[in-house]
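Subject: Structure handover and findings

Hello,

Here is the structure you asked about, with the sequence alongside. My notes on what was found follow below.

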Amino acid sequence: MASTSRTPTRRGRGRGGRGDGSSSLPPPPSTLSLIIEEFFIVVYEDPLVKKALPKKFADYLDGQEPAKVYLRAADCGPRLWTVEVLFDGQGRMYLDKGWENFAIAHGVDFGCFVHFKYEGDDVLTVKVFDGTMCRKYYYSDDDDTDDESDDDVKPCIHPL
């Protein structure tokens, strides 16, 4: 029997490859856990009415559908704004009662870009960007917590 000499195959380096067949690329999406912790909305309609959050975020909370969330403006002190949440039964989640007070206090208006970061425990940290895509920075002149009624809207103060 004649022996056949085979030339060993070599895998190309490709992107991030080490030449040994392994790869430093992340696994394909089907094997990753769905973790949605940051998202944004653009305010195209009345900024004071309920706001729909991305469906992927609602899907991420599947089975943990909170009755309310707590919004904290980034860099605006410890105050948490209580906002009721609605689910429409079709996978959509909305910020409802309490959103209007938060929006007024933080200058959310038409054309604003609102960035949310989910911190866990139903807390979302919020950053508001104006129509020029520049972030609005605020600070609080007191150290209110959620002990006070949100009906008494005390805006964060925009520095000059």
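Which residues have the most contacts inside the largest nonpolar core? They are Leu71, Trp99 and Phe116, in a core of 28 residues. Please keep in mind throughout that this is a predicted model.

Overall layout

The chain is built from two helices and seven strands. Followed along the sequence, these run β-β-α-β-β-β-α-β-β. Of its 160 residues, 32% count as buried. The chain exposes about 10600 Å², and 51% of that comes from carbon and sulfur atoms. Taking the contacts between residues at least 6 apart in sequence, 54% join residues at least 24 apart.

In soluble globular proteins, nonpolar side chains tend to be buried together. In the largest nonpolar core here, with its 28 residues, two or more residues come from each of these elements: strands E1, E3 (68-73), E4 (81-87), E5 (93-95), E6 and E7 (123-129), and helices H1 (55-60) and H2 (99-105). Helix H2 gives the most, with four residues.

Tryptophan 99 is one of the residues with the most contacts inside that core. Leaving aside residues up to four places away in sequence, tryptophan 99 touches Pro47, Leu48, Val49, Lys51, Leu71, Val83, Val108, Val114 and Phe116.

Aromatic rings

There are nine aromatic pairs in the structure. One of them joins phenylalanine 40 and phenylalanine 113, which are stacked, with 4.4 Å centre to centre and 25 degrees between the planes. Phenylalanine 40 belongs to strand E1 (residues 38-42) and phenylalanine 113 to strand E6 (residues 113-120), so this pair ties together parts that are 73 residues apart in sequence. Is phenylalanine 40 buried, partly exposed or exposed? Its relative accessibility is 44%, so phenylalanine 40 counts as partly exposed.

Ring pairs also link Phe39, Phe57, Tyr60, Phe116 and Tyr118 into a cluster.

Charges over rings

- Lysine 50 has its charged end over the ring of tyrosine 94, 4.8 Å from the ring centre.
- Arginine 79 has its charged end over the ring of tryptophan 81, 3.8 Å from the ring centre.

Regards

Key
Residues are numbered from 1 along each chain as its sequence is written. This is a predicted model: local features need pLDDT of at least 70, side-chain atom pairs count only at pLDDT 80 or more; totals for chains, interfaces and linings use all residues. Side-chain values use heavy atoms; hydrogens and water are left out. Rings of Phe, Tyr and Trp (its six-membered ring) pair if their centres lie within 6.5 Å; planes under 30 degrees apart count as stacked, over 60 as edge-to-face and the rest as tilted. Buried means under 20% relative accessible area, exposed over 50%, partly exposed in between (1.4 Å probe, protein chains only). A charge sits over a ring if NZ of Lys or CZ of Arg is within 6 Å of the ring centre and within 35 degrees of the ring normal. Contact means heavy atoms within 4.5 Å. Accessible areas come from the Shrake-Rupley method with a 1.4 Å probe; for residues, only the protein chains shown count as cover. A nonpolar core is a set of buried Ala, Val, Leu, Ile, Met, Phe, Trp, Tyr and Cys residues joined through side-chain atoms within 4.5 Å.
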